[in-house]
Amino acid sequence: MPIVLALALLSASRADACTNVIITAGASADGSCMVSYAADSHWLFGELYFRPAANHKAGSTLAIREWDTNRPLGKIAQVPHTFQTVGNMNEHQLIIGETTWGGREEQMNEDGIMDYGSLIYITLQRATTAREAIQTIVDLANEYGYPSEGETFSIADTKEAWIMDLVGKGKEKGIVWVARRIPDGYICAHANQARITRFPQNDPENCLFAPDVVSFAREQGWYSGSDEDFSFREAYCPLDFGTVRGCDARVWSAFNILCDGVFTFEHDGIESSRPSGEWLEYAMGYDLAGEMPLFVKPLRKITMKNVADVMRDHFEGTPMDMTVDVGAGGNALPYRWRPMEFQWDGKTYVNERAIATQQTGFWFVAQARGWLPDEAGALLWFGCDDAATSYLTPVYVNTKKVPDCLREGNGDLLHYSATSQFWMCNRVANACYKMYNHMAPVAREAADRFELDQQDNAVPALDARLSKLLQKGRVRKARKLLTKFTVSTAQKQFKDWVKLEELLLVKFIDGNVKAQDEKGAFRHTEYSDGIPDGLTQPGYTDRWKAAVARDNGDILEVK
């Protein structure tokens with residue numbers, strides 16, 4: 001059967017592909033449930049969506065526009081009250097992320113109103129828990145129709161974390177779907193490939209699904225076996241080389257990093273531990289029968305910073321490492337511009353797609369922190385553009401306003417804004433791309449320093465102050481304080497990133513590297529502070545030199 005947006009071998013390695021990592025409370029260092037999300041699209045601008053709580057008159061309607069294109073889709077009935085949302089989290093600590101995986105072409109419902117983006121942001125306005133969110137998504141899609149492709153949702157609250165696969169039913173309104181609760185102490189991830197295969201059909205505490213999820217596949221001729229052997233992925237999103245190499249490889253890499261090379265998982269009620277390398281052939285698309293676990297248990301507790309750093313991965317240290325082949329150029333650039341594949345001499349080759357990518361619009365790590373009241377517990381670490389050279393700033397979801405550098409309407413993809421975090425992070429990233437192995441570490445060090453200080457010092461200190469205020473019932477004072485922190489922290493870090501871009505220009509201009517002292521000042525000559533001392537030209541990587549010598553050595557060799 002044809003696949004939506006069929007892209008030859010890389011059918012699900014979409015140019016706008018995304019990545020999610022889900023951490024249960026029992027697997028996290030501080031007891032929070034976490035969801036990370038990189039919204040990777042060449043057509044998506046990085047800004048922080050802000051919708052204050054509101055009351056609505058009886059009979060009110062809500063206009064729906066497709067998230068990807070802003071195309072009007074129709075109207076739906078509005079509810080009496082909607083909750084405040086900031087980005088992909090709401091005031092009650094509910095988090096929703098997604099990745100798109102296409103599906104069979106005939107499952108698209110062109111007449112539907114509730115596209116996948118609208119499902120996310122409207123559900124956040126209406127639900128308070130993960131289970132409520134699952135039911136809200138199902139109700140909205142079934143009532144109004146679903147015009148998008150197959151999706152996997154990350155859904156988490158303070159107590160539970162779920163993964164949900166869903167796809168439309170073609171001309172028939174509604175969706176087929178299955179949702180599984182991630183066991184506490186475990187983690188999960190998904191990246192543009194349906195992840196749920198066989199699932200328990202008599203365990204409503206841990207698995208929910210559409211009543212016709214199996215029968216619909218049978219009716220379409222996509223499945224003929226028993227209910228017990230039914231695999232959602234195999235019926236609705238069959239594997240091929242591209243869906244694994246371009247998508248599940250990112251899941252493997254996230255698991256590999258967070259689990260320190262050992263996958264601990266349950267099978268038939270028995271917990272086993274095996275080296276992650278046993279699934280490497282699968283991750284590379286060579287052994288499609290080597291099914292990877294849906295949930296794995298890390299050997300250590302995971303912090304927000306651990307998750308953030310996973311979102312910066314380029315397969316370093318694996319056979320898919322994007323920094324070491326000749327495609328990385330002379331400065332170990334871990335990116336390959338699109339398209340996702342290329343042909344040469346009668347063969348087709350892959351341009352690797354890692355978790356970190358150049359076309360990210362925005363990315364985040366959201367924390368639902370159940371030991372704090374909702375007013376303080378809902379925390380969204382938010383960033384723009386390429387995760388590897390950008391930073392996450394802490395945003396309390398009960399803020400009264402968002403920072404100007406992240407405000408909706410402050411620039412777009414066709415209009416530059418000097419006060420936009422998205423544009424400034426792009427300036428830093430695109431500067432680093434020219435001498436990546438020398439420049440990117442400077443940006444990464446700055447991001448690490450900021451994020452660690454916020455995680456270990458600034459946020460805990462504010463949490464303590466907020467807790468005392470909320471215990472005394474001083475909600476307005478607490479919201480004023482967290483708003484001031486959210487805005488001032490983001491704006492200060494934005495200004496620091498402006499200075500970073502200036503530093504990168506001065507320090508690395510024209511392929512030179514200027515030396516700095518221990519305080520960060522540029523070293524200069526004895527006679528002038530405007531003339532650099534210690535300037536070097538580092539040249540290119542050895543791998544690149546060898547490749548150039550092989551390619552054109554007869555002409556370039558000094559004789």
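Tutor: What follows starts at the sheet and moves on to the hairpin, the loops and the helices. Keep in mind that this is a predicted model.

Start with the sheet. In general, strands of a sheet pair through backbone hydrogen bonds, either parallel or antiparallel.

Next, zoom in on one pair of strands. β1 covers residues 19-23 and is joined to β14 by four bridges. These two strands run antiparallel. For a landmark, find Ile22: its bridge partner in β14 is Cys188.

Now the hairpin. It is formed by β18 and β19, with two residues between the strands. β19 spans residues 347-350. It pairs with β18 in the antiparallel sense, over four bridges. Trp344 has Lys347 of β19 as its bridge partner. Within this hairpin, Asp345 takes a positive phi near 55°.

That brings us to the backbone angles. Most residues other than glycine have a negative phi, and most peptide bonds are trans. Asp268 is not a glycine, yet its phi is positive, at about 55°. Find Asp268 in the loop between β16 (262-267) and β17 (270-275). Asp268 has 70% relative accessibility, so it counts as exposed; the cut-off for exposed is over 50%.

Ala332 also has a positive phi, near 55°. Its loop lies between α7 and β18. Is Ala332 buried or exposed? Ala332 is buried, with a relative accessible area of 14%. Buried means under 20%.

Pro339 is placed in the loop between α7 (304-310) and β18 (341-344). Look at the peptide bond from Arg338 to Pro339: this bond is cis, with omega near 15°.

Turn to the helices. Take α1 (residues 116-126) and α2 (residues 130-144). Their axes come within 9 Å and cross at roughly 125°. α1 and α2 are therefore oblique to each other. The crossing is right-handed. From α1, the contact uses Leu119, Ile122, Thr123 and Arg126. From α2, it uses Glu132, Ala133, Thr136, Ile137, Leu140 and Ala141. The residues of this contact divide into six nonpolar, two polar and two charged.

One more helix pair remains. α9 covers residues 421-432, and α10 covers residues 436-471. The axes of α9 and α10 come within 8 Å and cross at roughly 150°. That makes α9 roughly antiparallel to α10, since angles over 145 degrees count as such. Which residues make the contact? Val428, Ala431 and Cys432 come from α9, and Tyr436, Met439, Ala440 and Ala443 come from α10. The residues in this contact divide into seven nonpolar, no polar and no charged.

Note on methods
Residues are numbered from 1 along each chain as its sequence is written. This is a predicted model: local features need pLDDT of at least 70, side-chain atom pairs count only at pLDDT 80 or more; totals for chains, interfaces and linings use all residues. Side-chain values use heavy atoms; hydrogens and water are left out. Two strands pair if DSSP finds at least two bridges between them. Axes are lines fitted to C-alpha atoms, for helices over the stretch in contact, and angles run from 0 to 180 degrees between N-to-C directions. Angles under 35 degrees count as roughly parallel, over 145 as roughly antiparallel, 65 to 115 as roughly perpendicular and the rest as oblique. A crossing is left-handed if the near helix is turned anticlockwise from the far one by less than a right angle, and right-handed if clockwise. Contact means heavy atoms within 4.5 Å. Ala, Val, Leu, Ile, Met, Phe, Trp, Tyr, Cys and Pro count as nonpolar, Asp, Glu, Lys and Arg as charged, and the others, Gly among them, as polar. Buried means under 20% relative accessible area, exposed over 50%, partly exposed in between (1.4 Å probe, protein chains only).
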